[in-house]
Amino acid sequence: MADEPPPPRAKKPARARPWPKLPHCPKDAANCASARGTIIYVEAVDPDGDGDAHFILTSTQSITAPGVSVIDVEKSLRPHPLPGIGDRVAAAGPVYPGSHGQMQIQATVLRVVRREDGARVQLG
């Protein structure tokens, strides 16, 4: 039957977005942890003005609370542009209480995998 349209082409399967490799802490580090996850909140301007950034992640490592890890990134380690909501990050470093008493990783290593669509989500 010459008038029939050709059969639809099969779509290529979507490639899964990679996760950043989880950094490891030095074996002799007593107060070090690593975590990775998807960013759900970015504090780009720290109230104390020291230039660091904070990322809140959904994370199975649960450094801060069940399912949540907070990463504190010093000014010297801040990526430009900053990762945003939906980007994936991995970090390692010493764990200290933050300004609100929450436990957080003070990143000494930070790895980023950006959203494939390149979209930036900004709130406020």
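In what sense do β1 and β2 pair, and over how many bridges? The first legend gives the answer.

View 1. The model is predicted, so local features need pLDDT of at least 70 and side-chain atom pairs count only at pLDDT 80 or more, while totals for chains, interfaces and linings use all residues. Residues are numbered from 1 along each chain as its sequence is written, and side-chain values use heavy atoms, with hydrogens and water left out. β1 and β2 pair in the antiparallel sense over five bridges; two strands pair if DSSP finds at least two bridges between them. Strands are DSSP runs of E of at least two residues, numbered from the N terminus. Within β2, Phe-55 stands opposite Val-42. β1 also pairs with strand β4 (residues 88–97), again in the antiparallel sense, over seven bridges. Ser-34 has Ala-92 of β4 as its bridge partner.

**View 2. The disulfide of Cys-25 and Cys-32.** The structure holds one disulfide, defined as a pair of cysteine sulfur atoms within 2.5 Å. The sulfur atoms of Cys-25 and Cys-32 lie 2.1 Å apart. The torsion about their S-S bond is about -75°, and the disulfide is therefore left-handed. Cys-25 is partly exposed, with 24% relative accessibility, and Cys-32 is also partly exposed, at 23%. (Buried means under 20% relative accessible area, exposed over 50%, and partly exposed in between, with a 1.4 Å probe and protein chains only.)

View 3. Arg-88 is buried, because its relative accessible area is 13%. Its side chain reaches the backbone oxygen of Arg-17 at 2.8 Å. The side chain of Arg-88 also reaches the backbone oxygen of Pro-18, at 3.4 Å.

**View 4. The second largest pocket and its lining.** The volume of this pocket is about 270 Å³. On a 1 Å grid over the protein atoms alone, a pocket is an open set of points where a 1.4 Å probe fits, with protein on both sides within 12 Å along at least five of seven lines; lining residues have an atom within 4 Å of a point. Grid points are joined across faces, edges and corners, and a volume is the space filled by probe spheres set on the points. Of the 15 lining residues, Glu-43, His-54, Ser-99, His-100 and Gln-102 lie nearest the centre of the pocket. At least two lining residues come from each of β1 (32–43), β2 (53–58) and β3 (68–73).

How values were computed: Helices (H or I, at least four residues) and strands (E, at least two) are DSSP runs, numbered from the N terminus. A polar contact is a pair of N or O atoms within 3.5 Å; within protein, one must be able to donate a hydrogen and the other to accept it, and residues adjacent in sequence count only if both atoms are side-chain atoms.
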